[in-house]
Amino acid sequence: MRPAETIESLEAFPGRGAGTDAERRAAVWLSRALDRTHAARLEPFWCRPNWALAHMWHLAGGVAGSLVTKASPRTGGAIILVALLSTLADALSRRSLGRLLTRQRASQNVVSEADDPEVVHLVITANYDVGRAGIIYRDWPRRAAAALARAASRRAPGWLGWMTAALVCLLVVALLRLEGSGGLGLDVIQLIPTVVLVVGAALLLEQGTSDWSPGAGDNASGVAAAIALVRALDAAPPGHLTVDLVLQGASDGDGTGLRHHLGARRGARAAPNTVVLGFAPCGAGLPRWWLSDGNLVPVGYFRELHRMCAAVAREDPQLDAAPFRGRGRTPALAARAARLPALALGCLDEDGVVPRSHQKSDTPERLEPAAIDRVVELGVVLVEQIDEFLARRGAPAVRRHTPA
């Protein structure tokens, strides 16, 4: 099945958001399609995938605390502190008071993996669910955010980091008021982060209740690229890597599916025996590999994989591949947060933005098949580099069964 056919087939399940019936039907279709060449299974799990509403409650708590602070600094400061700690807990563990105020859903990963703990496992992954088409994903705010990220330091936080900074600022104001400070200057200092949180909470509320996007580029194209890479490696299998495929459910913007998959196998395989390659949207633009990502603080991807991608880009300039520093969440970020060697591949336009991501116009006819082909080619050569690296390190070879 060609990438275009994979994308069109996934588009037959409109509204396949996290935990929906459409997502479950898409998972069943993917497992059956993979069963033709690979044994695939469904890996169900429970989650609270509406990250936008979860963080909306955190920001709303910060606003409420700010309003109370002037009358009662102790009470207002306590409310702000709870909102801050819950925000950080959610960013680190996906467990928080804000999450508890959202609906629990059932989702599932589609998994095809080899049972061989002695060799290195290459986990190829992408999320097959779609996100919501909210205001924050329209072109002008995304391109403005990308321009600010380019102008800022490489260590500048993502959007959640800025919201957290606003909560910290309000907490400092509450402490100052508790010590007896006041005046117009402190009122102005308090007003600025309060307004930021009000606007942020309103945008998150709109995002968390918007309609689902079609999701052809983000991220059916990533799924298509992941499957295409697996099939390319079937034709020329690496000698020191066994290839697993994990298609994540409930992972748009959150990485919940891969987090569950890795957590369920904690202790079953040692971390050095797993390498993760995640596919971000690949439907249009030029190939990119992510140097870092994260909407709270940037998390760097595995440096050796960076160097391999840079070598591939130098040796094959026709790919037009280049590095990128992200401030969002790619399908590989959960693996890097778990301290696994991981890297994300995808396509971006000249502004560093995924074209039509989370928009109603993200349909199959708007995609560029050549973009997917270039990313898959980059992935094939990257896997060859990983395999050669493991061979030099003396990694055990994969025992392949040959017909009698």
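User: How many salt bridges does the structure hold, and what makes a contact count as one?
Analyst: The structure holds 15 salt bridges. A contact counts as a salt bridge if a side-chain nitrogen of Lys or Arg lies within 4 Å of a carboxyl oxygen of Asp or Glu. This is a predicted model, in which local features need pLDDT of at least 70 and side-chain atom pairs count only at pLDDT 80 or more, while totals for chains, interfaces and linings use all residues. Residues are numbered from 1 along each chain as its sequence is written, and side-chain values use heavy atoms, with hydrogens and water left out.

User: Why is the contact between Glu43 and Arg41 called a salt bridge?
Analyst: The closest N and O atoms of Glu43 and Arg41 are 3.8 Å apart. That is within the 4 Å limit, so the pair qualifies.

User: Is Glu43 buried or exposed, and what is Arg41 called?
Analyst: Buried means under 20% relative accessible area, exposed means over 50%, and partly exposed is in between (1.4 Å probe, protein chains only). Glu43 has 6%, so it is buried. Arg41 has 34% and is therefore partly exposed.

User: Which residues are linked in a network of salt bridges?
Analyst: The network links Asp90, Arg94, Arg99 and Asp254. One of its contacts joins Arg99 to Asp90, with the closest N and O atoms 2.6 Å apart. Arg99 and Asp90 are both buried.

User: What makes the second largest pocket a pocket, and what lines it?
Analyst: On a 1 Å grid over the protein atoms alone, a pocket is an open set of points with protein on both sides within 12 Å along at least five of seven lines; a cavity is a set where a 1.4 Å probe fits but cannot get out. The second largest pocket holds about 520 Å³ of space, a volume being the space filled by probe spheres set on points joined across faces, edges and corners. Its lining has 21 residues, with Ser93, Arg94, Arg95, Thr256 and Arg259 nearest the centre; a lining residue has an atom within 4 Å of a point. Strand E1 (41-47) and helices H5 (97-100), H10 (256-264) and H12 (333-337) each give two or more residues. H10 gives the most, with five.

User: Why is strand E6 called largely enclosed?
Analyst: Seven of the eight residues of E6 (residues 286-293) are buried, so the rest of the structure largely encloses the strand.

User: How do you know that E6 pairs with strand E9, and which other strands does E6 pair with?
Analyst: Pairing requires at least two bridges found by DSSP. E6 and E9 (residues 342-348) have four, in the antiparallel sense, and Trp289 stands opposite Leu345. E6 also pairs in the parallel sense with E8 (residues 322-325) over four bridges, where Arg288 has Ala322 as its partner. Two bridges join E6 to E7 (residues 299-300), running antiparallel, so this pair meets the criterion too.
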